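Me: I have a structure to read and I am new to it. Could you take me through some of its features?

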Amino acid sequence: LPASAEAVTYYISPSGNDSNNGTSQSTPWRTIDRANQISFNYLPGDKILFQRGGEYRGKLLINSNGNANAYIEVGAYGTGAQPIISGSVAVTGWTLHSGNIWKAPLSQVPKHIYVNGALQTLARFPNSGWLRVDNSAATTLQDAELTQASGYWTGATAVIRTTNWSYDTAYVSGFSNATLTHTSTGNPLGTQQWGYFLRNKLAILDQAGEWFYDRAAGMLYLWCPNNANPSTQLVEASVLDYGLYLSWQRNHFRVSEIHFRHHHTASLRLSGTYNLEAFNCT
């Protein structure tokens with residue numbers, strides 16, 4: 001018999017149960033994690049279908065091969081909006097830190113933060129535009145406008161426009177007398193006025209729409225738009241890199257009718273993959 005005769009369609013639904021067999025619309029799985037448990041066991045012609053109108057948080061892994069006559073397919077079933085595969089987690093457990101700044105535990109390091117779907121800004125100084133460099137070397141940057149006390153900027157990230165066509169990020173390891181010491185960008189500015197800004201310090205979280213993440217404490221800090229209580233908003237943290245990861249030299253896939261969202265590196269990751277068809281996705 002051809003391989004496609006043995007193909008199985010797997011169903012995933014928000015109302016499913018990972019204890020189900022997943023092989024019918026009446027016995028669907030609930031999560032991407034359950035589908036990943038058999039990532040090495042998919043056969044040519046198998047389909048992984050997500051119920052429309054649902055949202056599924058995670059990264060779908062496929063470690064199997066289709067073939068030229070029977071692709072492995074990822075798609076949708078039912079009616080309504082495209083199913084969403086999301087790379088974010090909902091953040092809960094908010095408590096007031098001070099003023100309009102709230103905090104909540106978050107064990108995974110976020111790349112982006114969204115409030116009701118709107119992208120927020122990692123706390124930065126200045127809040128807009130660029131500072132200007134007075135002088136710099138490979139691992140230092142001098143700016144007389146930096147009048148804060150010694151050590152104030154230690155631990156921050158400097159986003160430096162190192163040439164007129166690019167910018168680099170550098171970790172600030174020390175600060176004293178208007179001089180930042182940082183990891184090398186490999187391209188010192190000298191006295192070029194390309195500009196820079198600083199970010200990712202709790203001390204500079206000073207306006208609505210900004211956030212900061214404390215890695216050591218596993219704590220997210222947020223000043224919500226309109227000074228809102230984040231407990232009453234949908235706050236999502238982008239923590240996953242890919243929406244669909246196709247393993248090294250796995251081939252013959254078809255992806256359609258999926259809405260990928262909040263993955264911070266790519267929706268589709270092809271690792272030595274060929275013969276992929278992707279269409280009608282968002």
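Reply: What follows goes through strands, cores, salt bridges and a few single residues. Keep in mind that this is a predicted model.

Me: In what order do the seven strands of the open sheet lie?

Reply: The order is β13-β19-β16-β17-β18-β15-β14, and the pairing is antiparallel. The edges are taken by β13 (124-125) and β14 (135-136); each has a single partner strand, so one side of each is left without a neighbour in the sheet.

Me: How many bridges join β15 to β18?

Reply: Three bridges join them, and the two strands run antiparallel. Within that pairing, Gln142 has Thr179 of β18 as its bridge partner.

Me: Which residue takes a positive phi in the hairpin of β8 and β9?

Reply: That residue is Gly99, with a phi near 60°; the hairpin has two residues between its strands. The strands themselves, β8 (residues 95-98) and β9 (residues 101-105), pair in the antiparallel sense over three bridges. Ser98 stands opposite Ile101 there.

Me: Next, the cores. Which residues touch the most other members of the largest nonpolar core?

Reply: The general idea is that in soluble globular proteins, nonpolar side chains tend to be buried together. Here the largest nonpolar core has 22 residues, and those touching the most other members are Leu146, Trp153, Val172, Leu180, Tyr196, Leu198 and Leu205. Two or more residues each come from β16, β17 (166-176), β19 (196-199) and β21 (219-223). Another core, of 21 residues, lies apart from it and includes Ala35, Ile48, Ile72 and Phe260.

Me: What is Leu198 in contact with, leaving aside its neighbours within four places in sequence?

Reply: Its contacts include Phe125, Leu146, Trp153, Val172, Leu180 and Ile204.

Me: Now the charged residues. How many salt bridges are there?

Reply: Side chains of opposite charge can pair when their charged atoms come close. In this model the count comes to seven salt bridges. One of the pairs is Glu55 and Arg261, at 3.5 Å from N to O. This pair links distant parts of the chain, with Glu55 in strand β3 (residues 55-57) and Arg261 in strand β25 (residues 259-261), 206 residues apart. Glu236 pairs with Arg57, their closest N and O atoms being 3.0 Å apart. Glu55, Arg57, Glu236 and Arg261 are linked in a network of salt bridges.

Me: Is Glu236 buried or exposed?

Reply: Glu236 has a relative accessible area of 2%, so it is buried. Arg57, by contrast, counts as partly exposed because its relative accessibility is 34%.

Me: Which parts does the pair of Asp241 and Lys59 tie together?

Reply: Asp241 lies in the loop between β22 and β23 (242-246), and Lys59 in the loop between β3 and β4 (60-62), so the pair ties together parts that are 182 residues apart in sequence. The closest N and O atoms of this salt bridge are 3.1 Å apart.

Me: One last residue. What does the side chain of Gln120 reach?

Reply: The Gln120 side chain reaches the backbone oxygen of Ala118 at 2.9 Å. Gln120 is buried, with a relative accessible area of 9%, and lies in the loop between β11 (118-119) and β12 (121-122).

Key:
Residues numbered from 1 in each chain as written. Predicted model: local features only at pLDDT ≥ 70, side-chain atom pairs only at ≥ 80, totals over all residues. Heavy atoms only, no water. Pairing = 2+ DSSP bridges. Helix = DSSP H or I, 4+ residues; strand = E, 2+ residues; numbered from the N terminus. Core = buried A, V, L, I, M, F, W, Y, C linked by side-chain atoms within 4.5 Å. Buried < 20%, exposed > 50% of the residue type's maximum accessible area, 1.4 Å probe, protein only. Contact = heavy atoms within 4.5 Å. Polar contact = N/O pair within 3.5 Å; in protein donor to acceptor, adjacent residues only side chain to side chain. Salt bridge = Lys/Arg side-chain N within 4 Å of Asp/Glu carboxyl O.
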